[in-house]
Amino acid sequence: LAMLRFACNPRDGISFHRIANKPARGMSDPLIGRLETFAEQHHIDLLAALQDCNLEFIRDEKDKALSDAAIRACREVRHIFDIDPAPTRLPALAQEILGRSRYDDWLKARYTDPTDYEDRSRNINELLNAIAEFSRHNPRATVADYLQSIALYTETDDIKTDNAVRLMSLHASKGLEFDVVYMIGLEHRILPHEKAL
């Protein structure tokens, strides 16, 4: 999902952090930080920062050019997302990104116990099936449409009756437009949290 988010929005630093070094490719935290700083200073997205023409200007903490290994890691990440997500059908895009990232090979190498690998591989297949199902019901849907739909989806969406009390967090209730919401436990310094004051 983080890969799809980044493909849809190359300015998404949180998703970039999650996927830049998974599978491991030598993309260290300091390198990710330098890429983010460079992108911010030059008002470009992270995918643009990964272009060769920009990599030659990015320096390490000692003001040296990036090492060959760092440049190779940047090129690998750029290759994964060198796709325009707009015209690509959603299931095909998900499959393409998954294939380019060699994520399945990484899972096989990381989880040597066949049961562990199968569980994780099954999760990926379920995600791909869910994407395909969403695409069947929404043939014109974009990556952004899918990501928005799963961000708003909760288990309470499966409940068909209105004659019930639903228990959820404050954050889960946002945007659901209930007629009545009871908020319990609003002691001072809990909401708003003391760090917000």
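Q: Why does Arg 5 count as partly exposed?
A: Its relative accessibility is 32%. Buried means under 20% relative accessible area, exposed over 50%, and partly exposed in between (1.4 Å probe, protein chains only). So Arg 5 counts as partly exposed. The model is predicted: local features need pLDDT of at least 70, side-chain atom pairs count only at pLDDT 80 or more, and totals for chains, interfaces and linings use all residues. Residues are numbered from 1 along each chain as its sequence is written, and side-chain values use heavy atoms, without hydrogens and water.

Q: What makes Asp 116 partly exposed?
A: Asp 116 has 31% relative accessibility, so it counts as partly exposed. Asp 116 sits in helix H9.

Q: Why does Ile 190 count as partly exposed?
A: Ile 190 is at 48% relative accessibility, therefore partly exposed. Ile 190 is in the segment after helix H11 (170-173).

Q: Which residues form a nonpolar patch on the surface?
A: Patches take residues with over 30% relative accessible area and no salt bridge; nonpolar side chains (Val, Leu, Ile, Met, Phe, Trp, Tyr) are joined within 5 Å, like charges within 9 Å. A salt bridge is a side-chain nitrogen of Lys or Arg within 4 Å of a carboxyl oxygen of Asp or Glu. Leu 170, Phe 178, Val 181, Met 183, Leu 186, Ile 190 and Leu 191 form the nonpolar patch. Together they have about 580 Å² of accessible area.

Q: Which residues form a positive surface patch?
A: Lys and Arg count as positive. Arg 5, Arg 18, Lys 22, Arg 110 and Arg 120 form this patch.

Conventions. Areas by Shrake-Rupley, 256 points an atom, 1.4 Å probe, with all protein chains shown as cover. Charge placed at Lys NZ, Arg CZ, Asp CG, Glu CD. Helix = DSSP H or I, 4+ residues; strand = E, 2+ residues; numbered from the N terminus.
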